[in-house]
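Hi,

Here is the model I promised to pass on. Have a look first, and my notes follow below.

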Amino acid sequence: MQHEASQQIIREFKLRQSRQLLAIPLTVLLMLFLALLHKRPDLFGELPRDMITAGQLAVIAVFVVFSFVNWRCPACGKFMGGDVFRIKCKKCGVRLG
Ligand SMILES: [Zn+2]
């Protein structure tokens with residue numbers, strides 16, 4: 001039973017990790033895209049600087065909120081911090097991979 005439970009935690013962790021690994025490049029890409037919009041007004045027309053800044057802040061905010069919800073230990077529910085490739089939860093010590 002103990003083994004089944006830890007398999008379940010590892011599966012759940014892998015799912016959260018893949019979501020996180022998808023969200024990071026997506027956020028970077030959106031930021032680059034917004035920076036490009038600012039640098040190349042010939043592409044989509046001149047956009048107000050405030051609008052681009054607001055867009056970038058929104059992208060960051062969405063990423064932070066997403067990580068806050070997603071990037072939690074499947075066992076203890078604590079936020080897992082900066083290391084996406086951790087193999088153990090710092091808080092409860094459960095094995096994650
Ligand atoms: Zn934990």
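What share of the contacts in the chain with a separation of 6 or more comes from residues 24 or more positions apart? It's 43%, where a contact means two C-beta atoms, placed from the backbone, within 7 Å.

Some housekeeping: this is a predicted model, so to speak, with local features needing pLDDT of at least 70, side-chain atom pairs counting only at pLDDT 80 or more, and totals for chains, interfaces and linings using all residues. Numbering runs from 1 along each chain as its sequence is written.

The chain reads α-α-α, with 3 helices and 0 strands (DSSP runs numbered from the N terminus: H or I of at least four residues for helices, E of at least two for strands). Its C-alpha trace spans about 60 × 20 × 15 Å along the principal axes.

α3 is hardly covered, with 1 buried residue among its 22.

The largest nonpolar core has 5 residues: F13, C73, M80, C89 and L96 (buried Ala, Val, Leu, Ile, Met, Phe, Trp, Tyr and Cys joined through C-beta atoms within 7 Å). Beyond four places in sequence, C73 contacts K78, M80, C89, K91, C92 and V94.

I87 sits in the segment after α3 (49-70) and is exposed because it has 10 other C-beta atoms within 10 Å. Setting aside neighbours within four places, I87 touches R95, L96 and G97.

Cheers

How values were computed
Buried ≥ 20, exposed ≤ 12 C-beta atoms within 10 Å, placed from the backbone.
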